[in-house]
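Biologist: Could you take me through this structure? I would like to begin with strand pairing and then turn to the aromatic rings.

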Amino acid sequence: MKQFLVFSDTHGDIFAMREIINAYPHIDNIIHLGDYCRDTRIIKNEFPHLNIISVMGNCDFSVDVPEEIIHEVEGKRIFITHGHYLSVKSGTTRLEKKAEKDNLDVVLFGHTHIPLIKMVSSTLILNPGSLGCPRSDSGSTYAILKVGKDKVDAVLHRLSSINMKL
């Protein structure tokens, strides 16, 4: 089973990313869903062992990362996008249709800065919220995604819960 730290909309909050990475030393995979994906370059320099997948958000300019990716892990298809081109601020309908059309097991998106996790048919839809600019009572949030041959699972976390563990 592979585990991923999933971040979105970090908006330059490298301190929070470092804190989370240090709290989970057994996880060496990161997915960044855009808006300051350049933060991952700094993180990669500091943690060269990390495997980082990143997509471009609407606040990312002149970057050499794709707008979206379909990443296959353990036989599962994971769609990775920021979501602004799919109108996610109006809901997840377009993501759900894409999941069905492209036979996706997991859909990861950001852009709204509001955490969300739900199952639609057999597809896990996840927005980890925002580390840098949260827009909900949840505060700064991220997710841990677990992908296995027989199962996908995700849990949302608040940054404050990390602080209590340290």
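**Strand pairing and aromatic contacts**

Modeller: Strand 4 (residues 68–73) pairs with strand 5 in the antiparallel sense, over six bridges. Please bear in mind that this is a predicted model.

Biologist: Which residue is the bridge partner of Val73?

Modeller: The partner of Val73 is Lys76, in strand 5. The hairpin of strand 4 and strand 5 has two residues between the strands, and Glu74 takes a positive phi near 55° there.

Biologist: How many residues of strand 5 are buried?

Modeller: Five of the six residues in strand 5 (residues 76–81) are buried, so the strand is mostly covered.

Biologist: And how many bridges join strand 5 to strand 6?

Modeller: Three bridges join them, and strand 5 and strand 6 (residues 106–108) run parallel. Ile80 stands opposite Leu108 of strand 6.

Biologist: Let us change topic. How many aromatic pairs does a search of the whole structure find?

Modeller: The search finds two aromatic pairs. One of them is formed by Phe7 and Tyr142, with 6.3 Å centre to centre and 50° between the planes, and it is tilted.

Biologist: Why does that pair tie together parts that are apart in sequence?

Modeller: Phe7 lies in strand 1 (residues 2–7) and Tyr142 lies in strand 9 (residues 141–147), so the pair ties together parts that are 135 residues apart in sequence.

Biologist: Is Phe7 buried or exposed?

Modeller: Phe7 is buried, because its relative accessible area is 0% and buried means under 20%. Tyr142 also counts as buried, at 0% relative accessibility.

Biologist: What about Tyr24 and Tyr142?

Modeller: Tyr24 and Tyr142 form an edge-to-face aromatic pair, 6.1 Å centre to centre with 70° between the planes. This pair links distant parts of the chain, 118 residues apart: Tyr24 is in the loop between helix 1 (14–23) and strand 2 (29–32), and Tyr142 is in strand 9. Tyr24 is buried, as is Tyr142.

Biologist: Which residues form the aromatic cluster, then?

Modeller: Phe7, Tyr24 and Tyr142 form one aromatic cluster.

Biologist: One last topic, charges over rings. Where does the charged end of Lys98 sit?

Modeller: The charged end of Lys98 sits over the ring of Phe79, 4.9 Å from the ring's centre. Elsewhere, the charged end of Arg38 sits over the ring of Tyr36, 4.1 Å from that ring's centre.

How values were computed: Residues are numbered from 1 along each chain as its sequence is written. This is a predicted model: local features need pLDDT of at least 70, side-chain atom pairs count only at pLDDT 80 or more; totals for chains, interfaces and linings use all residues. Side-chain values use heavy atoms; hydrogens and water are left out. Buried means under 20% relative accessible area, exposed over 50%, partly exposed in between (1.4 Å probe, protein chains only). Helices (H or I, at least four residues) and strands (E, at least two) are DSSP runs, numbered from the N terminus. Two strands pair if DSSP finds at least two bridges between them. Rings of Phe, Tyr and Trp (its six-membered ring) pair if their centres lie within 6.5 Å; planes under 30 degrees apart count as stacked, over 60 as edge-to-face and the rest as tilted. A charge sits over a ring if NZ of Lys or CZ of Arg is within 6 Å of the ring centre and within 35 degrees of the ring normal.
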